[in-house]
Amino acid sequence: METIFSLLVALFFTGGIYLMLSRHLIRILLGVVLFSNAVNLLIFTNGRLTHAVPPIISPDLMTPAGPVANPLPQALILTAIVISFSFFSFLLVVAYRAYQDLGTDDTEEMRVAEPANEAPPPMGY
Amino acid sequence: MSSEVLLTVLIVLPFLSSLVAGSLPANARNAEVWLAGAVALIGLAITMSFYPDVTGGDVVRYEIPWLPSAGLNLVIRMDGFAWIFSMLITGIGFLVVLYARYYMSPKDPVPRFFAFFLAFMGAMLGVVTSGNIIQLVVFWELTSVTSFLLIGYWYHNANARDGARMALTVTAIGGLALLVAMLLVGHVIGSYDLDAVLASGDTLREHTLYTTILVLMLLGAFTKSAQFPFQFWLPRAMAAPTPVSAYLHSATMVKAGVFLLVRFWPVMAGTEEWFWIVSSAGLITLVMGAYAAIFQQDLKGLLAYSTISHLGLITTLLGMGTPLAAVAAIFHIVNHATFKASLFMAAGIIDHESGTRDLRRLSGLFKYMPFTGTLAIIASAAMAGVPLLNGFISKEMFFTETAIRNPNMFANLALPIGAIIAGIFSVAYALRFVCGVFFGPPPTDLEKVPHEPPSLMRIPIEVLVLICLIVGIIPGIAIGPYLATAVVAVLGQDTPHYSLSIWHGFNLPLLMSIGALVGGVILYIMLRPYLALGVEGPPLMRRLVGQRIFERILVTISWKWAKSLERWAGTRRLQPQLFLLVLICVVTAWFALRPGFGPVKLQLSGWDPGFVILWLVGIFCAIAAAHQAKYHRLASLVLMSGAGLVTCMTFVWFSAPDLAVTQLLVEIVTTVLILLGLRWLPKRFQKGDADHIALPTKLRRYRDIVLGVFAGGGVAALSYAIMTRTAVPDGISRFFLERAYTEGGGTNVINVMLVDFRGFDTFGEIAVLGIVAITVFALLRRFRPAAESVEKPEQQRIQNAYDNLRPNRQSGDTVNEYLMIPSVIMQWMFPVIIVLSAYIFLRGHDLPGGGFAAGITMSIGFILQYMAGGTRWVEDRLRILPVKWIGTGLLIALATGLGAWAFGYPFLTMAFQYAELPIIGKVPMAAALFFDLGVFVLVVGATVLILIALAHQSVRSPKAARSSVLPTHAVEPPPPPTLETSTVEAPGGAS
């Protein structure tokens, strides 16, 4: 069980990193989506894989009766999902605007701030 | 008022009034002057009131504990030496304010000037009254920053910018060295308190770190006081407005360096190292500065080099290490401040009234401005050391000290010779200043006819020159007691006997003075033909310009090296950087975690076939998505969603229902977002077969795969290692499980954690979400897509062409018919989704759900309407104000948090209770519910805002295209109420 789950996390990572290393914005964006899923799953493993014991207290009890899933990684992941969603939408819009303003989605060609052959500054003032 | 209050006011008032000055309207010149003048006068009055408390070596201290454990307390400490400096700072400060009133032109933005000026005054007062050496460095750096702002006040002028930057670079580097020196002092002595430091001079001098501390401390002092080899920034700083120069380069900024030397003189001086470094640097500066001053063509440049030279004189005196020399140094600090401030002001008046500071153009001005001329002549005489003026007395003390017989050869020869040469030079440049400007033929090429300035503008000079005269004639009465106060504060029991009278009989120092005066006059007469040539810069030293060397170094470091570094690991290309980032992570993790792994024994039993299949699907989705992303974006997106769904189901299976719900909803919104975005991002087409890809690209992609596989492998090992180890039984999650219901009042531990235990975290998180949404909105608000991406998708074009060919059909009908059934369903789903969202929201505290999930659900309801009816159709019927939703949500969450204060609890403490509502039943009425409501409202607003901002691009695009790309659209009838420009065309565009 754990073996194949680690394999899943691993390949999510591999796919995400491969896409993020691409030169084109769309692939980078898709890579970010895959990568954030991978990271969430990795954090999830910190709580161990526990089947069918959600961290919810039965109505008539004060504390959970038996062992339950670790709530801490879950709470962290919940925050992470929200943040990666907002981060992703920001990235998407920036990519879109960058493409519209620069006419390219190739990061190699985005050189407004640092043109390829920049003249040196004066050696004195 | 108690002395504590007064001391605090002295330091804090200038900073506070700096804020006030900065916020006054731009034309409030008089208000600014009243404010700054009042602050300076109050400071002067406070300082004066301390005089009885600091005479005879007494000290007033006010200590405010800050970090007592680290020895860092705020100590305001006033002794005689700080007193005399405070007098200079506030007194001359007041005169400069008065002068600036007339100097600054109405066009200059005076609020900025006076705000910086007051802040600088505060920083300077902070330096001299610091009783903690770290605090001293902080104020020291503040003077660097504020002086940078003052020097660069006319920032439209390139000289001002460069001068300011150079001053900041040099003095701030010195300040950094000083900080290290002070930390070392604290390390050696065990205290940062100035009194403790002053009491342990022997410990410091005998410590092995003494030389290091000395060098670092001197770096600080020499950069600030423009001592060789750091003198070059000071002439450049002359690009500042003249009031700034008059203040910074007479009484304050540059005096901070010698202040430091005097302050630490009792503990640091008296060693061989001190003598050699300080006196030689001082002597070189003294002679070189005086030499360069003679040949300046700029009036202020002459004064700048003369300032350097006089600072060199003070440093030389301090370097000698004898108590009498220290007395002379302190005395000269005061004298130099008075005559140099008045000279700068006179130079400013000349510049102001004649339009130039160029000595080659100025001539014979005495006829036009006799009062100013007289004042300037007296001040120059004081500078040159003419008898009956204050400069004479301290200079003669200097000659006396250098003439003392000394077993040290350097002290015996170099000092007196250097002193007399510098004396001759200083007489020569003073003569040049006076004769060049005021005497000789009338000026010929001035832009305006020079005249006397307003009489109030001259008052500061008159006051200062009067002080020069009084101190010069009756020194014992005029300055004696105050000087004694300052000297005792520094030297304590070592205070020597000294005489301030002007006549000591015929002796060697007097002969030296006379020699310097006569020699100076002769030198000036001899140099006149050369000076008349008007050559820029001093002979012999013309090529050796410190600032040019400095600039070379600066360009090399900050441009050349930076450029090579950037080429190697630069930001100009994202990929190499990301690659390096991942590579470094992998390598570091390998070395860090390698020892923790034993032989791996893969656990291959206990597989649940359903999940194995699910995960295999997930793995396939991830790989296929990566593979397809290049040319088949939509396929890749579908596969990506598959991977997301696998994640979601994994959460369900392993007891994380909240995560599953949120993941599913976010996955939906993300997919819609990408679809909207893909419509506007360029599509790439496969050209020929895969062999056409260039080899380097191929290699790069293989390299990326290898790195990805390594990273993935590492993560696999990591997660496997975690999962196969038993959890720590008493981890902090127990805390949450046990208290979720008893203290948080909810049975859904995850939700209680988010809205209660980690409420502040969630508050920050929703704030981020709101900010992102508004940023997205701002990025797209007035933005139309570029023409080339506006073209409708191929499928839609074919359909519209088909419609246009038939007379009974309108363009867009086919699209409408295609989507008729889905759109009806979507519209009918709207109320259902709202109820669902309310349900998810209300159950959130006890069962999976909550504000975030409910908010996303609600926004999906909205976006479905957009998809079903098209942007215009929805907005004709429904007014959503997402920005207001965001604001309201944030305010609700904030109000809930602040509500806790009303009951005396910390921010975001949640109370809880259950309430019985009709029909709905028992509802948890925890304060957390209101907080969650805030989350809900904000998430709805933010998500809808992002989605709508992107969707609106499709409404705008036809407008941009109508004129050029598709002329047929011009005759197109207004869009039918439904389904025309629906956002559904986005996926069509990507397929």
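A: In chain B, residues 24 or more positions apart account for 78% of the contacts with a separation of 6 or more; contact means heavy atoms within 4.5 Å. This is a predicted model: local features need pLDDT of at least 70, side-chain atom pairs count only at pLDDT 80 or more, and totals for chains, interfaces and linings use all residues. Residues are numbered from 1 along each chain as its sequence is written, and side-chain values use heavy atoms, without hydrogens and water.

Chain B has 41 helices and four strands. These are DSSP runs numbered from the N terminus (helices H or I, at least four residues; strands E, at least two). Of its 991 residues, 55% count as buried, that is, under 20% relative accessible area with a 1.4 Å probe, protein chains only.

Now the pair. Helix α36(B) covers residues 820-843 and helix α37(B) residues 851-869. They pack at an angle of about 170 degrees, and their axes are 9 Å apart. Axes are lines fitted to C-alpha atoms over the stretch in contact, and angles between N-to-C directions run from 0 to 180 degrees. The two helices are therefore roughly antiparallel (over 145 degrees).

From α36(B), the residues that meet α37(B) include Met826(B), Phe830(B), Ile833(B) and Phe841(B). On the α37(B) side, Gly861(B), Phe862(B), Leu864(B) and Met867(B) are among them. By class, this contact has 14 nonpolar, eight polar and no charged residues. Ala, Val, Leu, Ile, Met, Phe, Trp, Tyr, Cys and Pro count as nonpolar, Asp, Glu, Lys and Arg as charged, and the others, Gly among them, as polar.

Methods: Chains are lettered from A and ligands numbered from 1 in the order in which they are written. Angles under 35 degrees count as roughly parallel, over 145 as roughly antiparallel, 65 to 115 as roughly perpendicular and the rest as oblique. Buried means under 20% relative accessible area, exposed over 50%, partly exposed in between (1.4 Å probe, protein chains only).
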